[in-house]
Amino acid sequence: VFPGVRQAQWLTKTKLVEGLPPAVQGIMDNPALGLQELEERAKHMVSHARLWDTAEVAPRRERYCPMLFENLIHICRLMSGKYPSLSKRMLARNCRIAATWERESILLQVRGLSGILMNSKTPIPPVASKEEILDTKEHVLETFYPIAPTIDLQEVNVYKELNDTGFRDGYPYSHPHTLFFLESANVRTDRFRPDQLRAKMLMFAFGNALAKAKALHGNDPKVLEQPVVVQSIGTDGQLFQFMVFQLNTTDLVSNDGVKNLVWIDSDQNLYERAQCVPEVKKRVVTKPAGISGFQPDTFKKFLALYLHGTV
Amino acid sequence: MAALGARRVLRPGRRWFSETVPAAPSAPASPLYPPVVASITAKSKAAKSRRLQRFNERVHAAATVEEKLRLYGKLQRPKYMVYPQTFALNADLWYRSFTKTVLVPGMPPRTPAAKPPVATAGATSETGRAPEPRAEAPGDAEAPGAAKIPEPSAGAAPYPDIGELRSLACDALLQESFYQNKKRPFLYRDQDHTPGPFLTQLVSTLAASLSGRNPLLAASSLDLNPEVNYYWHHGKEVVVHGHRKGRVDPVRFQIDDNPHLQIRVPKQLPEVVPLESDLGDVPVIDHKPSKLPLFKKQYENKVFIGSKVADPCCYGHTQFHLLPDKLKRERFIKERLEDQIEVVYRSNGIASLFAWTAAQAMYQGFWNEADVTRPFVSQAVVTDGKYFAFFCYQLNTLALTAETIENNPRKNICWATDSKPLYDVVENGNVKGFNDEVLLRLVHFLLNRPKEL
């Protein structure tokens, strides 16, 4: 009906900031990382996922989307040769999340398979300073009168108000670090549109953060001393959406007070097009085979979000 | 002609056979008649060999590797499908005879330079690893043992800490089997529930943490669930039925394999033994391959290492195979076929590695008429989640067809270990009975690299 992120913002009591937070920008601009050589490798990985992976002529999205993600994560993981503390991370696939909260007398919950989650042993330090958090008190949440904010949400009878991080107690990698969402359906109508994907990312990041906060500080709604930060990256194989979410408060019933913060960088193209077979019109090659329009910045953001928290 | 001869006789003083030495016959620039060769289209053995020769010339003259592969697998005929993961009895004997492979139990000895020592609690575990029964000169076994103390002075970086790697492995295991809340496994899909994700996690985290020590890993490419195919001819048979009945045909094989995980690298692994070494015998089997049982089908002849020829990471490093539920140990024990358990691991290792190394060789332009000039080496780990078996394969020859195999003394070699458990049991968030030896071997596999690096 209307862009999903605005609805998600109201539901999670969040203030939106465009662009990535300065901490992440700082990692990107850090020259010690040696990002130039990595660009070459990233380009190879994109070519591998989009062109070379299969014995057929061209791989399908169901294959190249996860393959591209795996390749990029592989490059990021190999950085742990330089930064040994990166090895304190663990990927978990098909993890289930459950979080419940009340929002102006409406009970909401997030449940289900939340894509691929990367956990780490140490939490990400809060991205926004204390002043920024207190500033959010003045921010007024957008309402959609006369449309109820719970439009398009499924109404379900729940018998248990469940808050579950998806892992048992005593799990050493207990802090959710980044969530990855891969839109890999072949048919375009089965995939989420970029805006819907951003809303989904926001809801699941919030769900993970809330479940973690309740596990750490208990079920009482309050303003958190140590905000919980969860990142999220969503892609359909070409467009990337980056998001950093900071949970400042679990007091979500009222519309006033401290709000949560989210930084969104949307619609970043990793490359323009990937031709498997050169396109020839009237005996002239119009589009040569290969990857064209590779944007190294998108990969740098991916890597920066991966390294955030340890570098 | 008679009249000519008669005229010659009549002429006095000249005998017909003492012709003047013909002045150097103006050597004709080109022969007057075309060379006499067998026909191309006749139904004769000479014609068949001429057709074969023309095909070989066409493949030799192909400009690119893709063109060569296309021509090599152009003709489709019914062929045996060889499955690396099979329940057939004594399959590894048959597979060795199809691929001309010698099986050497135990791991090959490593030269000190290529094997950096790992810091362990006691040095005894290292010496315990090296000597294993092998068909090689015993001198080799001692040399590495003596010269192995090595590297502490040379290496600036500290050794990989086995404690840290052990904790990584245990964490991966615990996460998959204990900590993560998962639903119950689907029927007969136990392997996808726990051992599959565990293997993926283990390999990716170990490879990442060891990449600082092995620059080859830092440039590697990790494939999840790739496809590896290879097509070859070996031996001769007579076509039994159909419109081609009675003709002599090569026996065609195709391997279509899906390893769980594979690591490809841009530089080749170093050779283990020289190209012409002879470490044992290849088993000879008198029966037709269909007695194994092996079945024929006709479909596309694919040669594929996991990615296309254009990929710079065109050499193989390590493959990881996961045995499916159908081939689990308990099933063999219940049917009283305990000795076949090892056969399953071995046949998987031999077949998969042969297909991979041979496909790598074909990507470099070698084929059965143009045999390899350098050996191709790859490694593999076959596991069912708990028991691990390690394999190292060296491809010395691709010439396995009936014509090329006669004068070919080279054999392919496969080093294999028995399957050993990595841990005993996982209980309440603890891994009991963790076996460091298996982990060490896995680490050494991942650290394998060419001597220059």
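Let's start with Glu132(A), which sits in helix H5 of chain A, residues 130-135. Helices here are DSSP runs of H or I with at least four residues, strands are runs of E with at least two, and both are numbered from the N terminus. A quick word on the background: this is a predicted model, where local features need pLDDT of at least 70, side-chain atom pairs count only at pLDDT 80 or more, and totals for chains, interfaces and linings use all residues. Residues are numbered from 1 along each chain as its sequence is written, chains are lettered from A and ligands numbered from 1 in the order in which they are written, and side-chain values use heavy atoms, leaving out hydrogens and water.

The cut-offs are under 20% relative accessible area for buried, over 50% for exposed, and partly exposed in between, using a 1.4 Å probe and protein chains only.

Patches take residues with over 30% relative accessible area and no salt bridge, joining like charges within 9 Å and nonpolar side chains (Val, Leu, Ile, Met, Phe, Trp, Tyr) within 5 Å. A salt bridge, in turn, is a side-chain nitrogen of Lys or Arg within 4 Å of a carboxyl oxygen of Asp or Glu.

Chain A has a nonpolar patch as well, of about 210 Å², made by Leu107(A), Val156(A) and Val158(A). Val158(A) belongs to the loop between H5 and strand S6 (175-182), and counts as partly exposed because its relative accessibility is 32%.

Now over to chain B. How many residues of helix H4 (residues 91-99) are buried? Eight of its nine, so the helix is mostly covered. Among them are Trp94(B), Tyr95(B) and Phe98(B). Just after H4(B) comes Lys100(B), with a positive phi of about 50 degrees.

Next, please find Arg410(B), in the loop between strand S10 (387-395) and strand S11 (412-416). Arg410(B) counts as buried because its relative accessibility is 14%. What does its side chain reach? The backbone oxygen of Asn396(B), at 2.8 Å.

Last stop, Pro35(B), in the loop between helix H1 (2-10) and helix H2 (45-60). Pro35(B) is exposed because its relative accessible area is 68%. Its C-alpha atom is separated by 31 Å from that of Lys236(B), 201 residues apart along the chain.

Key:
Accessible areas come from the Shrake-Rupley method with a 1.4 Å probe; for residues, only the protein chains shown count as cover. A polar contact is a pair of N or O atoms within 3.5 Å; within protein, one must be able to donate a hydrogen and the other to accept it, and residues adjacent in sequence count only if both atoms are side-chain atoms.
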